[in-house]
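Dear colleague,

I am handing over the structure below, followed by notes on what was found in it. Please read them with the model open beside you.

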Amino acid sequence: MSEAELPTIAEAARLIANRQLSPVELTRSCLARIDALDGRINSFLLTRPEAALAEAAAAEAAILRGDYRGPLHGIPIAHKDIVETAGIRTTAHSKLLRDFVPQRDATIVRRLAAAGTILLGKTATHEFAMGGPSFDLPWPPARNPWNTDHFTGGSSSGTGAAVAAGLILGGSGSDTGGSIRLPAAYCGVTGLKPTYGRVSRYGVLPLAYSLDHLGPLAWTAEDCAILLQAMAGHDAADPASAAVAVPDYRAALRPDLRGVRIGVVRHFFASDYRIDAEAEAAIDAALATMRGLGAELSEIRLSPLQDYGACGWLILIGESWAVHEKVMRERFLDYGRMMRNRVVLGAFLGAGDYVQALRLRRELIEEMTAAMRDLDVLVTGITPGEAPRIDEKPGYESFQRPLMMPFNVTGQPSMAVRCGRSASGLPLSLQIAGRPFDEATVLRVGHAYEQATDWHRRRPPLAAA
Amino acid sequence: MDSGTMSLEEFTQRARRAGLVLDDQAIAMLFEEIAASVALMGEMAERVKARLAPASEPAHLFRPNDEPGDGDRR
């Protein structure tokens, strides 16, 4: 399959529904691309070609007899390897779980399977969704398909890289401090962190209970809408799951932004933390495009980015220590260096500091709620610039550049959308955040912007090989 | 947590109190690797405390000593 023939989920679904594309052929094509390309980007920790082809054959037979389940029927996907899959090894990219084979499916695995997806395998992650990129784990870190010397972002690094390279049409990620949006941004795909509680986390290895979110990464906002439709919904098995009605996300997509009120949080990326000039210019150009599509833009001011960052990181450190404390006490050196050195910080965090962070979180949520009273979405920066070289990424970069953390603290939906390319050809992106449970408007803004621009029309050179 | 520079001795004491099963050499290496991050975390904690709205502090902290308040049994 050539670069031009790499379909989005929406395109493939239309062809499959019209019986112009065979799920078996599509699955075979993706598996061939994995064989040809994944040795360079390490996006998969495990593939299951025979099982996937059997699922694809079953999907094809069902569709041919008129039992079409919808736009995910016959679509090849993959799950981040912190998502439990019954009978399929789930490692969290860690030596500690090298041979762990769960007996249960996570709720999102069950839901996406019920929608008819074909599971190609499990994708690379930072260890336990926290420590990476690491070179001291049983598997190498994923690499950026735009330039394999560069970082993918993490921790949903494998899903981001695999979508960008056209190895899968979409997949799952988790986001505790930016782990869906960062790899989406650096790999030049679209990644949506839904509202806290929108997608069940049952069966997913936790990192920080009150900050963990699950969501989709795909090539376009429309594809994220299709995936979220299947992922979302109340699940009593996840105590944080919200019983909030799930709208028709795809039906909300429009080619224009008439009537959409956008608040630009410029101080986050222009003064609190100053991103590269080319990244800022790309955001400004995107804002002009959005205005041209009919959006009303205004600048708003929130608390400094560093307040959101400090609040979120203290909660994350405290909660991740609570998750890993027992094992870390006993098997500290079995974790990779980056993971253990991050999580162990929780051993030095006082209970009072954690509680004060929770109190500040309440204030920041109130501030954000008030700021969005007359706005539909916020737009702000997402990364300092292009993806750094994988061997140059500072270990604690995100402590000091917490551009995504505000929306983990508040729990509101937030999406990474590509909006340009750096001088060296790597993707540049921006961030769109919405009101709680209003993923539909976030997707609408991302979709309209994508339709008006052509950043999504070019794949990484590696994908065309 | 204070944000000042932590000594190796204090670091070791805290690591032991947290239950980490590491020998002295491993503790010293860990100290070297994460001391800056512990200090950064301390700065974040100080920022959070400084940023919290005074009005949300427990009321007794702001009540003059001689002023009886709700629930005061004096």
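How much space lies in the second largest cavity? The answer is about 80 Å³, where a cavity is a set of points on a 1 Å grid over the protein atoms alone at which a 1.4 Å probe fits but cannot get out, and the volume is the space filled by probe spheres set on the points, joined across faces, edges and corners. This is a predicted model, in which local features need pLDDT of at least 70 and side-chain atom pairs count only at pLDDT 80 or more, whereas totals for chains, interfaces and linings use all residues. Residues are numbered from 1 along each chain as its sequence is written, chains are lettered from A and ligands numbered from 1 in the order written, and side-chain values use heavy atoms, leaving out hydrogens and water.

The lining of this second largest cavity has 16 residues (those with an atom within 4 Å of a point), and Leu6(A), Pro7(A), Ile168(A), Leu169(A) and Arg459(A) lie nearest its centre.

Turning to the interface, 27 residues of chain B are in contact (heavy atoms within 4.5 Å) with 34 residues of chain A. About 2,700 Å² is buried between the two chains, 66% of it from carbon and sulfur atoms, buried area being the accessible area (1.4 Å probe) lost on putting two parts together, summed over both. Across this interface there are six salt bridges (a side-chain nitrogen of Lys or Arg within 4 Å of a carboxyl oxygen of Asp or Glu); Arg51(B) forms a salt bridge with Asp307(A), with the closest N and O atoms 3.0 Å apart.

Best regards

How values were computed:
1 Å grid on protein atoms, 1.4 Å probe; cavity = no way out; pocket = protein on both sides within 12 Å on 5 of 7 lines; lining within 4 Å.
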